[in-house]
Amino acid sequence: MWFKNLTVYRFNKPFSVDAEALEKSLEDFTFSPCSSQDVSKFGFSNALGKLGQSLVHSAENRHLICATKEEKILPSQVIKEALEEKVALIEDQENRKLAKKEKDSLKDEITTTLLPRAFSRRSQIHALILPEIEMILVDSSSAAKAEELLALLRKALGSLPVIPMSVKTPIETQLTQWLQANEAPTPFEIQDEAELKSDSDEGGIVRFKQQDLTETEVLAHIEVGKQVHKLALHFGQSIAFILQSDAGIKRLKFSEEFRAGNDEVGTEDPIARLDADFALMGSELVALMKALVEALGGMEDSL
């Protein structure tokens with residue numbers, strides 16, 4: 001339930017699909033397991049996992065969705081060895097060298113033969129659709145995986161006018177200024193971790209962890225031209241995270257005190273607790289993104 005990373009997108013046009021219509025749109029793209037000859041399968045699954053009953057879980061016009069991916073694990077080395085053995089056998093029997101096209105055909109045959117015996121693995125990725133701030137937050141540190149989910153959502157809806165979040169002033173410029181001044185805009189506080197990078201290929205990258213970032217050793221790298229591309233921050237007393245220069249948010253962690261806000265709900269009714277946690281997380285992520293956009297000087301104008 002609790003998101004751990006955020007890849008952030010914003011809508012170019014208002015998102016006007018309600019929960020019921022969204023549920024209906026996703027139904028045609030529901031996840032189904034791999035058959036014996038499938039390499040992978042990707043589709044929407046219950047938003048609240050095994051306890052859930054719907055593909056969309058909504059509260060206060062905030063929509064949680066989940067996509068599941070199953071992939072067959074077929075190591076390339078296994079295919080390579082089987083192919084080499086098959087090619088060697090045919091070339092010996094027919095006393096000739098096989099052409100590349102023939103080898104490619106054999107590789108496809110071998111893959112088809114091995115697939116039914118291959119192990120498979122499943123992974124899930126969640127996204128939070130927030131019409132009130134015109135954003136989609138994908139719980140992934142990988143832009144490629146986030147784009148894969150958005151592509152599936154785009155298929156389901158017919159269109160999805162979103163672009164990656166970007167702000168008017170480069171984030172690395174602002175993070176560098178914050179670190180130099182040892183002060184981030186309220187309600188953010190600088191913590192003890194940063195990554196500085198030079199614009200030149202020869203300049204390199206330096207990383208600091210569990211270190212006082214006001215020390216001369218750190219600031220000296222800024223003096224010679226490096227900029228801050230990752231910075232650990234706290235949002236009030238509720239969330240710790242790493243802000244990146246590409247607007248990605250990594251290692252998102254909600255404090256124990258904040259999560260305890262739903263302790264009165266208890267755990268006797270798991271669905272009620274999940275629903276309460278979703279409402280709590282959703283509200284705080286909206287507050288975080290509003291504050292972050294303001295601290296960074298506002299969104300870049302739409303193209």
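The dialogue below takes up helix packing, a sheet, a pocket and the backbone.

Q: What should I know about this model before reading it?
A: This is a predicted model, in which local features need pLDDT of at least 70 and side-chain atom pairs count only at pLDDT 80 or more, whereas totals for chains, interfaces and linings use all residues. Residues are numbered from 1 along each chain as its sequence is written, and side-chain values use heavy atoms, with hydrogens and water left out.

Q: At what angle do helix α1 and helix α4 pack?
A: Two packed helices are described by the angle between their axes and the distance between the axes. Here helix α1 (residues 19–27) and helix α4 (residues 143–157) pack at about 105°, with their axes 8 Å apart; helices (H or I, at least four residues) and strands (E, at least two) are DSSP runs, numbered from the N terminus. Axes are lines fitted to C-alpha atoms, for helices over the stretch in contact, and angles run from 0 to 180 degrees between N-to-C directions. The helices α1 and α4 are therefore roughly perpendicular to each other, a term for angles of 65 to 115 degrees.

Q: Which residues of α1 and α4 meet?
A: From α1, L22, S25 and L26 meet L153, A156 and L157 of α4, where contact means heavy atoms within 4.5 Å.

Q: In what order do the 5 strands of the open sheet lie?
A: The order is β9-β8-β10-β11-β12, with antiparallel pairing; two strands pair if DSSP finds at least two bridges between them. At the edges are β9 (205–209) and β12 (249–254), each of which pairs on one side only, and the twist averages 20° from one strand to the next. Strand β8 (residues 188–197) is joined to β9 by 5 bridges, and K197 has I205 in β9 as its bridge partner.

Q: Which strands does helix α8 lie across?
A: Helix α8 (residues 270–295) lies across β8, β10, β11 (239–244) and β12, running at about 135° to β12. Helix α6 (residues 216–223) lies across β8, β9 and β10 (227–235), at about 155° to β9.

Q: What is the volume of the largest pocket?
A: Rolling a probe the size of a water molecule over the atoms shows where empty space is left. The largest pocket has a volume of about 250 Å³. On a 1 Å grid over the protein atoms alone, explored with a 1.4 Å probe, a pocket is an open set of points with protein on both sides within 12 Å along at least five of seven lines, and lining residues have an atom within 4 Å of a point. Of the 14 residues lining this largest pocket, S123, Q124, I125, S140 and K145 are the closest to its centre.

Q: Where is the cis peptide bond to P187 placed?
A: Most residues other than glycine have a negative phi, and most peptide bonds are trans. The bond from T186 to P187 is cis, with omega near 15°, and P187 is in the loop between α5 (171–181) and β8.

Methods
Angles under 35 degrees count as roughly parallel, over 145 as roughly antiparallel, 65 to 115 as roughly perpendicular and the rest as oblique. Grid points are joined across faces, edges and corners, and a volume is the space filled by probe spheres set on the points.
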